[in-house]
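Subject: A structure to look through

Hi,

Here is the structure I promised to pass on. Please have a look at it first, and then read my notes below.

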Amino acid sequence: MPRILVIAPHWIGDAVMSLPLITLIHSRFPNSSVDVLCTPWVGPIYRACPAVETIIERDFQHGALQWSLRQSTARELKKQGYEMAFVLPNSMKSALIPWLAGIPKRIGYQGEFRFGLINVSLPNPSRQARTPMMEHYAKLLGSALDQTSNLQNLPLPKLSIDPTLAQWGKGKIEEIGGVPLYVFAPGAEYGSAKRWPTSHFAQLANQILEGNPDAKIIILGSQADHVLGQEIVQAANRSDRIHNWCGAIRLDQSMALIAQCTSLISNDSGLMHIGAALSIPQIAIFGSSNPKHTPPLSPKAQVIWLGLDCSPCYQRTCPLGHLNCLNQIDSQRVYSMLTPLKAQ
């Protein structure tokens, strides 16, 4: 059976947006095995993608060469006889492994010092000329086939929750009183310029809980987001109905909970993209980033973005010091958008 390798991106949101490409590869090469090389951080995303045959997890650290690990990984991959590799990250390090493994066709965008490592390449567009990330990845298939990509009617990202995990999620929700359940995702790994203030999340929490006496709220995210969750719980002063589980459960467990929630309210983050791929009602709040480039890809998603003159700046922290792009989005606006979602 012919084998195709995908070198996955390191961010959860980017991993979700790579799923349409994997679906297209599987459709175009139905008799091939499509395997993914990724970090454990994004492994749960690909385990929830039916088009992926095998997941190869390696603990590659951001900014580290880890030469011996890349060499040993390449030796293992060489034994599998891959015919082509799609290299989704732009770094030189990500292109080393398929080159060292002797994979004959190595497809990717032109990136840092990758001449020769990538032998089927597309020019990397400037920030101003960026297409949506889903299309950005999907274009690589056209390069592999030496033809122009058809970007019409691309499949949307889709995640499938394992039945055992789904049952676990149902039980966990029942433990805190059942639905309606709202999930808050206050984190954003990139930086504070993408995070709606926790005080605004707390105000929204009180509006939801006062508007529906049966409602519960779960706050999800990584261990780094735990302090944000605590700020929300303390400011809202409703610890009986708000549960901060940031860092307390795994990503695949968070996915199982999101799949069963009434609505997700998040920043532009990995959990936002997971919610879209699970097709649940959601509100996505954008600050320094551009919703045209990384939108939640779901008809059930609503986006709030003020589009100020200073945005998108793509900075980790507000360069002007006021964070108006997020501070000026009040909780009442978000709450008013939840009303039609409750009926879905």
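Throughout, buried means under 20% relative accessible area, exposed means over 50%, and partly exposed is in between, with a 1.4 Å probe and protein chains only. Helices (H or I, at least four residues) and strands (E, at least two) are DSSP runs, numbered from the N terminus.

Two sentences on where the values come from. This is a predicted model, so local features need pLDDT of at least 70 and side-chain atom pairs count only at pLDDT 80 or more, while totals for chains, interfaces and linings use all residues. Residues are numbered from 1 along each chain as its sequence is written, and side-chain values use heavy atoms, with hydrogens and water left out.

Two strands pair if DSSP finds at least two bridges between them. S2 pairs with S1 in the parallel sense over 5 bridges, and Val6 stands opposite Val36 in S2. S2 also pairs with S3, again in the parallel sense, over 4 bridges. There, Cys38 has Glu57 in S3 as its bridge partner.

Helix H4

Which parts of the structure do the buried residues of H4 pack against? They pack against strands S1 (3-7), S2 (33-38) and S3 (54-57), and against helix H5 (92-100); contact here means heavy atoms within 4.5 Å. The buried residues in question are Arg70, Thr73, Ala74 and Leu77. They cover an arc of only 100° around the axis, which puts them on the same side of H4; the arc is that of the directions from the helix axis to the C-beta atoms. The face turned away from this buried side carries the exposed residues Ser68 and Arg75.

The length of H4 agrees with expectation as well: its 12 residues (67-78) should span 16 Å at 1.5 Å a residue, and its end C-alpha atoms are 16 Å apart. The expected span is 1.5 Å times one less than the number of residues.

Nonpolar cores

A nonpolar core is a set of buried Ala, Val, Leu, Ile, Met, Phe, Trp, Tyr and Cys residues joined through side-chain atoms within 4.5 Å. The largest one has 58 residues, and Ile45, Tyr46, Phe86 and Ile274 have the most contacts inside it. Helix H6 (residues 133-144) gives the largest share of this core, with 7 residues. A second, separate core of 30 residues includes Leu204, Ile219, Leu323 and Tyr335.

Ile274 is worth a click. Leaving aside its neighbours within four places in sequence, Ile274 is in contact with Ile12, Val16, Ile45, Leu159, Leu251, Met255 and Ile258.

An aromatic cluster

How many aromatic pairs does the structure hold? There are 2, counting rings of Phe, Tyr and Trp (its six-membered ring) whose centres lie within 6.5 Å; planes under 30 degrees apart count as stacked, over 60 as edge-to-face and the rest as tilted. The rings of Phe184 and Phe201 have centres 5.3 Å apart and planes at 50°, so this pair is tilted. Phe184 lies in strand S7 (residues 181-185) and Phe201 in helix H8 (residues 198-211), so the pair ties together parts that are 17 residues apart in sequence. The rings of Trp196 and Phe201 have centres 4.8 Å apart and planes at 70°, so that pair is edge-to-face. Together, ring pairs link Phe184, Trp196 and Phe201 into a cluster. Relative accessibility is 0% for Phe184, 0% for Phe201 and 1% for Trp196.

Two loop residues

His293 is in the loop between strands S11 (282-285) and S12 (301-304). At 9% relative accessibility His293 counts as buried, and it touches Arg130, Thr131, Pro132 and Met133, not counting residues up to four places away in sequence.

Gly116 is in the loop between strands S5 (105-109) and S6 (120-122), and at 36% relative accessibility Gly116 counts as partly exposed. With neighbours within four places left aside, Gly116 is in contact with Trp99 and Arg106.

Best wishes
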